[in-house]
Amino acid sequence: MTQTKRIAVIPGDGIGVDVTREATAAISAAATKHNILLDLDELPYGSEYYLRTGIGLPREERLRIGRDYDGILLGAVGDPRVPDNRTAREIVLGLRFDLDLYINLRPILLIADGLTSLKGKSVQDIQFVIFRENTEGSYGGIGGQQHAGTTSEIALGQIVATWRGTHRIIRAAFEYAEKHKLTRVCVVHKQNAIPHVYGLWLRVFRQVAQDYPNVEASEMLVDRAAMEIIRAPEQFQVIVTSNLFGDILSDLAAMIAGGLGLAASANINPETLVLCEPVHGSAPDIAGKGIANPLAACLSAALLMDNLGFPEAAVTIDNAVRAAIFSGCVTPDLGGTKTTRQVGAFVAETISK
Ligand code: ATP
């Protein structure tokens with residue numbers, strides 16, 4: 001038995017609620033199987049809660065969550081009725097920034113040949129991870145407008161890159177490569193058009209790479225990377241890039257590995273805490289219909305277990321997800337006829353066997 005790990009579960013909005021129910025069942029089953037003590041604490045934050053109470057997720061509460069929990073399992077946040085995307089900003093971006101979760105890890109791992117949209121590519125061709133910087137770049141909200149709402153309007157938005165922020169995400173990417181016996185790390189940048197920011201990225205990348213002589217370090221412009229991920233994904237093992245480029249490339253890459261219904265992510269600060277969430281949003285178009293694919297959330301639960309130091313439990317959840325796919329127990333987005341609950345039940349039962 002290990003020390004109890006405290007997990008905050010925030011289902012959030014739309015299909016976040018549907019898929020988190022199944023991911024919670026999967027993680028509980030895996031904990032029981034591997035004798036792991038988990039204390040799962042469901043928190044009500046999300047757009048419904050905001051519309052009812054006027055409370056999104058205040059900074060003090062974000063900091064309390066950071067102090068009181070070892071990990072967070074998040075569903076999805078976003079609701080067309082909430083102006084300015086306030087709940088998503090306070091919950092998703094607020095937790096990333098306030099808890100300094102600087103690594104956004106997005107595995108792009110094709111599970112079955114039939115799931116890729118790329119002609120001629122198979123499982124062994126699509127096996128890489130994206131390290132997206134998660135606390136700087138274009139997402140800090142630094143900027144402003146003048147003459148707003150007129151034809152003279154000026155809008156300015158700043159890109160932030162610090163040596164420390166760039167160094168720690170690049171270091172994390174190389175460490176991951178070494179730990180997983182991978183031999184290639186590629187930095188994706190736009191130094192030709194944005195020289196100050198990506199000049200810093202390239203200098204830090206070249207410096208850090210010197211500490212990893214067994215890892216081949218390469219550099220690629222972001223426009224080229226968008227093309228190469230589609231043309232020859234087999235060349236990539238670890239990609240490290242900025243917040244904006246990582247956001248875009250990881251959605252693109254998710255589509256060649258089975259789509260949003262299978263894309264998981266982890267937001268990590270190795271010294272403090274990890275927040276795992278499916279890449280997809282709240283998908284209001286299918287919320288409550290019982291057809292949301294819960295496997296991205298279950299794979300996020302596996303990432304949570306892995307990052308909490310329980311790799312065997314993570315493998316157990318991963319294998320159950322694979323079993324669901326290989327036995328055709330999948331939702332309509334993957335060509336199946338099963339409901340969210342049926343897929344979730346299959347995964348939980350497979351874990352418990
Ligand atoms: P966001 O909340 O990020 O603004 P969104 O909620 O509008 O975005 P996403 O959830 O990211 O959109 O996904 C786009 C579309 O993909 C959805 O409208 C839905 O039809 C489909 N989709 C996303 N996730 C899933 C899923 N888990 N299962 C089935 N379909 C999905």
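**Ligand shell and cavity**

Colleague: What classes of residue make up the shell around the ligand?

Modeller: In this predicted model, the shell around the ligand has 6 nonpolar, 5 polar and 2 charged residues.

Colleague: Which of the residues that surround the ligand are the closest?

Modeller: Gly281, Ser282, Ala283, Asp285 and Asn293 are the closest of the 13 residues surrounding the ligand.

Colleague: What about Asn293, backbone or side chain?

Modeller: The backbone of Asn293 supplies the polar atom, and a nitrogen atom of the ligand is 2.8 Å from that atom.

Colleague: How much of the ligand does the protein bury?

Modeller: The protein buries 60% of the 600 Å² that the ligand exposes when taken alone.

Colleague: Changing topic, how many cavities of 30 Å³ or more are there?

Modeller: The count comes to 1 cavity of 30 Å³ or more. About 40 Å³ of space lies in the largest cavity.

Colleague: Which residues line the largest cavity?

Modeller: The lining consists of Glu133, Glu136, Gly137, Ile159, Val160, Ala161, Val197, Trp201, Ser242 and Asn243.

Colleague: And how does that lining divide by class?

Modeller: The lining of the largest cavity has 5 nonpolar, 3 polar and 2 charged residues.

Note on methods:
Residues are numbered from 1 along each chain as its sequence is written. This is a predicted model: local features need pLDDT of at least 70, side-chain atom pairs count only at pLDDT 80 or more; totals for chains, interfaces and linings use all residues. Side-chain values use heavy atoms; hydrogens and water are left out. A residue is near a molecule or strand if one of its heavy atoms lies within 4 Å of it. A polar contact is a pair of N or O atoms within 3.5 Å; within protein, one must be able to donate a hydrogen and the other to accept it, and residues adjacent in sequence count only if both atoms are side-chain atoms. Accessible areas come from the Shrake-Rupley method with a 1.4 Å probe; for residues, only the protein chains shown count as cover. Ala, Val, Leu, Ile, Met, Phe, Trp, Tyr, Cys and Pro count as nonpolar, Asp, Glu, Lys and Arg as charged, and the others, Gly among them, as polar. On a 1 Å grid over the protein atoms alone, a cavity is a set of points where a 1.4 Å probe fits but cannot get out, and a pocket is an open set with protein on both sides within 12 Å along at least five of seven lines; lining residues have an atom within 4 Å of a point. Grid points are joined across faces, edges and corners, and a volume is the space filled by probe spheres set on the points.
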